Amino acid sequence: MIYTCDNCGFIFSRSEETEQCPDCGKYEVRPANEEEQKEFAQRMAELSESEHLERPRIPNLEDAEISMFSSFSFRVPATALQIHSQMIVDIAVEYGENPANRSELIGNVWVRQEGGRSAAFLMSVHLPTKPDETPKEQVDRVFGALSDNSEFNARLTDFISCQAHDNVGQNG
């Protein structure tokens, strides 16, 4: 709760009710009005911002919104996309309920060359949620949506072509 001291004008917060001002010590404390609460919130935001600029920190669990995702992966040879190359790519899909839209199942698709150290983001796929759908059914639906997706095929083809070109340049 936010309080104001009528003696010195100090605005402060306490988790429990208080009668004494922590600044001047007088017993002239009352709940802050709407304008004083806004002023307090603005000052705290400014203080927090300046503190984080001076001393960046890693968020703790109180600061983080945790989302649960599941994943599946599969491999695709370049020849499956009619690219003349021995390359194989690993595709990983993280999927779950979209935190921004709970009626949507979202899958983020990542790709890397087999044995590669880093993955590249390829695209997202969005599907409506289905009540009581099992994880296996979700995987089948996301995989099916990718299989029928011309944008997925085009981006995957571009990725493989770019990787194959880079490999030729490094070896040639």
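Biologist: In β7, which residue is the bridge partner of tryptophan 110?

Modeller: In this predicted model, strand β6 covers residues 101–113, and β6 pairs with β7 in the antiparallel sense over eight bridges. Strand β7 spans 120–128. The bridge partner of tryptophan 110 in β7 is phenylalanine 121.

Biologist: Which are the edge strands of the open sheet?

Modeller: Four strands form the open sheet, with antiparallel pairing, in the order β4-β5-β6-β7. An edge strand here pairs on one side only. The edge strands are therefore β4 and β7.

Biologist: At about what angle to β7 does α2 run?

Modeller: Helix α2 covers residues 135–147. This helix lies across β4, β5, β6 and β7. Relative to β7, α2 runs at about 115°.

Biologist: Which elements each supply at least two residues of the lining of the largest pocket?

Modeller: The lining includes Phe74, Arg75 and Val76, as well as Phe143, Leu146 and Ser147. Also among the lining residues are Phe152, Asn153 and Leu156. The elements that each supply at least two lining residues are β4 (70–77), α2 (135–147) and α3 (150–171).

Biologist: How many residues of that lining are nonpolar?

Modeller: The largest pocket holds about 160 Å³ of space. Its lining contains two polar residues and one charged residue. The number of nonpolar lining residues is eight.

Definitions and conventions: Residues numbered from 1 in each chain as written. Predicted model: local features only at pLDDT ≥ 70, side-chain atom pairs only at ≥ 80, totals over all residues. Heavy atoms only, no water. 1 Å grid on protein atoms, 1.4 Å probe; cavity = no way out; pocket = protein on both sides within 12 Å on 5 of 7 lines; lining within 4 Å. Points joined across faces, edges and corners; volume = space filled by probe spheres on them. Nonpolar A, V, L, I, M, F, W, Y, C, P; charged D, E, K, R; others polar. Pairing = 2+ DSSP bridges. Contact = heavy atoms within 4.5 Å. Axes fitted to C-alpha atoms, helices over the stretch in contact; angles between N-to-C directions.
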